[in-house]
Amino acid sequence: MGSMSAPQRTNWLLVFMLLLAGLFAAAQFGKLTLTLQVLRETYPSGGAFVPVLISIVGIVGIVLGAVAGSVVARVGVTRSIIGALLAGGALSLLQAMIPPMAAFAFLRVLEGIAHLAIVVATPTLMASISSDADRPFVMGIWAAFFGISMAILAAILPWVLGQGGLPLVLVGHGAGMLIMAALLYPLLPKRRISEPVKVSYWAEHRVIYTTPRLLIPGAGFVWYTILYIALLAVLPIALALPVWVITALPLISIAGTLWGGMLAKRVAPDILVAVGFALTALATGLVWVLSPALWPLFVLFFVMALIPAGSFASIPHFNATATDRARATGGIAQLGNVGTTLGTPIFVLALDGGGLALICAILTAFCLLGLGATRALAARIK
């Protein structure tokens with residue numbers, strides 16, 4: 001398969017619009033994560049299954065992530081993005097009708113498929129419309145999409161809930177996705193940028209997990225996702241953090257990711273990931289030794305953000321064709337969802353079993369595992 005020639009100039013308008021589409025995709029998690037208490041009140045008989053409604057989208061990513069890249073390559077990037085935005089918008093509008101819980105769960109399964117299509121197709125296209133010089137920074141921008149979306153939602157959801165409750169949140173999200181589809185369609189390339197490949201569930205897993213250049217983006221990212229959401233959940237409890245600190249940490253992480261994207265223009269992304277893991281381990285030591293000081297937490301979240309910046313920059317750095325980039329992005333989506341799913345339970349158990357000391361010990365261990373995995377894969381590529 002030949003690679004798509006890089007443009008001389010980056011299409012910044014389309015990069016920005018694709019980032020907006022990514023914010024709505026991330027909101028497929030955030031719209032329920034940040035309204036969990038309202039969701040419990042909406043389904044009072046749901047009990048322990050109510051939080052599962054949030055996790056369903058991630059579970060779909062775990063099951064189908066690896067094959068998503070080949071599906072996107074076959075369907076086409078443009079059709080995948082537009083189709084997923086339309087489907088995601090319609091599904092959110094159906095959810096706004098507050099159907100019975102089983103029906104809501106089924107809609108979330110379908111929403112997980114739409115979410116996966118967006119988060120695989122969008123960075124694949126962003127890499128293809130960026131110049132060689134700008135591509136690492138563009139991927140750094142994309143790496144911040146989840147944090148940016150969560151920060152925006154945290155700011156606006158209290159007002160939206162006050163105006164119309166959970167149905168208005170879901171209507172607003174659905175309408176936004178439909179509007180994004182309409183705005184994006186005329187801007188997207190109509191020619192195919194990826195060559196179709198045969199879609200085989202087990203074959204795709206074998207290809208991704210035995211090909212170092214396809215696996216290396218996800219091999220670093222999985223350890224980051226185990227850490228990030230979980231730390232936002234347990235550190236406020238372990239350190240009795242004030243609200244302003246809890247709000248600031250994701251914003252600091254966004255800044256670190258964008259800085260990492262700029263560094264990736266000068267530093268090889270696999271090296272950037274390794275430095276991110278090493279600095280995160282050192283910052284973890286500062287958090288432990290200097291607790292209850294707050295500034296080590298800010299350092300921790302800033303340097304930890306180098307890992308996703310380098311991980312996403314690794315996709316086009318190590319993979320020249322749009323088809324391979326889609327496959328690598330499918331792998332990073334699958335592993336990212338594995339990390340997000342496992343991280344919080346692990347660190348909650350650590351909090352209960354050993355407090356801050358055990359949290360910091362496990363955090364350091366995961367950093368060392370991530371560092372070892374990515375360096376071993378980089379050695380096999382080179």
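Predicted model: local features only at pLDDT ≥ 70, side-chain atom pairs only at ≥ 80, totals over all residues.
**Figure 1. Crossing of helices α8 and α9.** On the α8 side the contact is made by V207, I208, Y209 and T210, and on the α9 side by P212, L214 and L215. Sorted by class, this contact of α8 with α9 comprises 6 nonpolar residues and 1 polar residue, with no charged residues.

**Figure 2. Helix α12 and the helices around its buried residues.** Within α12, which covers residues 295-304, the buried residues are P296, L297, L300, F301, V303 and M304. These buried residues pack against α9 (212-238), α10 (243-263), α11 (269-290), α13 (306-318) and α14 (322-381).

**Figure 3. The nonpolar cores.** The largest nonpolar core holds 95 residues, and those with the most contacts inside it are L184, L231, L235 and F347. When neighbours within four places in sequence are left aside, L184 is in contact with L14, M17, L18, A21, I81, I82 and L85. Another core, of 19 residues, lies apart from the largest one and includes L39, V50, L53 and M101.

**Figure 4. The protein chain as a whole.** The secondary structure of the chain consists of 14 helices and 0 strands. Its radius of gyration is 20 Å, close to the 21 Å that the globule rule gives for 382 residues, so the chain is as compact as a globular protein of that length. Along its principal axes the C-alpha trace spans about 55 × 50 × 35 Å, and buried residues make up 56% of the 382 residues.

Key. Residues numbered from 1 in each chain as written. Heavy atoms only, no water. Buried < 20%, exposed > 50% of the residue type's maximum accessible area, 1.4 Å probe, protein only. Helix = DSSP H or I, 4+ residues; strand = E, 2+ residues; numbered from the N terminus. Contact = heavy atoms within 4.5 Å. Nonpolar A, V, L, I, M, F, W, Y, C, P; charged D, E, K, R; others polar. Core = buried A, V, L, I, M, F, W, Y, C linked by side-chain atoms within 4.5 Å. Rg over C-alpha atoms; globule rule 2.2 N^0.38 Å.
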